[in-house]
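Hi everyone, thanks for coming. I'd like to walk you through one model today, so let's bring it up on the screen.

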Amino acid sequence: MLKEIKILADHGKQYVPDLRNQPVSARFRGRPVIAAEVSPGQVERAAAMCPAGAIDGRSGAIDLGRCTFCNECALMLPEVYRFTNDYRIAATRREDLVVMPGQADQLKINESAVRKEVRKLFRRSLKLRQVSAGGDNACEMELGASGNVNFDMGRYGIEFVASPRHADGIVITGPVSVNMAQALQICYDATPSPKIIILVGTDAISGGLFAGSQAIQREFIDTHHIDLYVPGNPAHPLTFINGVMDLLKL
Ligand code: SF4
């Protein structure tokens, strides 16, 4: 017994005690901040350089649903673009993922976009089925980490399950390749109603670098109500967990 206590004391806490306020590395790239004044020339240069087409060519705003967080804009124009390590960047509306010049506040979910039944039914227990629809295993690994001993989202009743029959919703990663489009629909249909849809990662939200490719088929995304958008490339476990906690109002 004493030996076990000594091991526990040596190892310290293995879990994140407060998922809402966990400090992360200053080098982590989360919510961007854009200078309030951006000249047309700077906007033009940044938009032309951005490999993901995430920078608006008129305003200089960054669309987090397209951004790959590569940091190239901050390296090219450090006086205009910088990334904070704020990981709470999930949104309930697609348009809320656009960060405008001069916008310095923390991103918050739009409460009016949350369906009433979501909180009523899933607040105490939310089981999710993950669908990798042409994903590259990056977001998938981070989602796996969300349930490990460190992040332990299961403490709030949020867990991944093996079958859509046992799930309250689906979590989609990847740009939705043609080969996965039908499988995604089948998985969604197999999930009992009411159910939620969460998109995780740039690829799932916008198609990412694959947007416009003939190899992807995004009709499912375009024709269904999305309950939560979780940006990132890949999305951090804390971004996912905090986004779901905000959605459920935990
Ligand atoms: S960090 Fe985002 S907005 Fe900036 S260049 Fe990369 S993809 Fe574009």
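How many cavities of 30 Å³ or more does the count come to? The count comes to one. Before I go on, a word on the ground rules: this is a predicted model, where local features need pLDDT of at least 70, side-chain atom pairs count only at pLDDT 80 or more, and totals for chains, interfaces and linings use all residues. Residues are numbered from 1 along each chain as its sequence is written, and side-chain values use heavy atoms, with hydrogens and water left out.

For those who like the grid details: on a 1 Å grid over the protein atoms alone, a cavity is a set of points where a 1.4 Å probe fits but cannot get out, a pocket is an open set with protein on both sides within 12 Å along at least five of seven lines, and lining residues have an atom within 4 Å of a point. Points are joined across faces, edges and corners, and a volume is the space filled by probe spheres set on the points.

The largest cavity holds about 80 Å³. Its lining has 14 residues, and nearest its centre are Cys50, Ile55, Cys67, Cys70 and Cys73. By class, that lining is 11 nonpolar, two polar and one charged; here Ala, Val, Leu, Ile, Met, Phe, Trp, Tyr, Cys and Pro count as nonpolar, Asp, Glu, Lys and Arg as charged, and the others, Gly among them, as polar.

The largest has about 220 Å³ of space, and among its 14 lining residues, Phe28, Arg29, Phe69, Asn233 and Pro234 are the closest to its centre. The second largest pocket comes to about 160 Å³, with a lining of four nonpolar, three polar and four charged residues. Arg88, Ile109 and Asp246 are among the residues that line the second largest pocket.

Let's stay with Asp246, which sits in helix H9, residues 237-248 (helices are DSSP runs of H or I with at least four residues, strands runs of E with at least two, numbered from the N terminus). Is Asp246 buried or exposed? Asp246 counts as buried because its relative accessibility is 19%, and buried means under 20% relative accessible area with a 1.4 Å probe, protein chains only. Beyond its neighbours within four places in sequence, Asp246 contacts Arg20, Arg88, Ile109 and Arg119, contact being heavy atoms within 4.5 Å.

On to the sheet. Five strands make an open, parallel sheet in the order S6-S5-S7-S8-S9, where two strands pair if DSSP finds at least two bridges between them. At the edges are S6 (158-160) and S9 (228-230), each pairing on one side only.

Look at S7: five of its five residues are buried. Gly169, Val171 and Thr173 point one way, with Ile170 and Ile172 pointing the other. S7 is joined to S5 by five bridges, including Leu128 with Gly169, and to S8 by four. Ile172 stands opposite Leu199 in S8, and Leu199 also has Tyr229 in S9 as a bridge partner.

Helix H5, residues 138-146, packs on this sheet, touching S5, S6, S7 and S8, and its direction makes about 135° with that of S7; axes are lines fitted to C-alpha atoms, for helices over the stretch in contact, and angles run from 0 to 180 degrees between N-to-C directions. Helix H6, residues 178-190, touches S5, S7 and S8, at about 165° to S5.

Definitions and conventions. Buried < 20%, exposed > 50% of the residue type's maximum accessible area, 1.4 Å probe, protein only.
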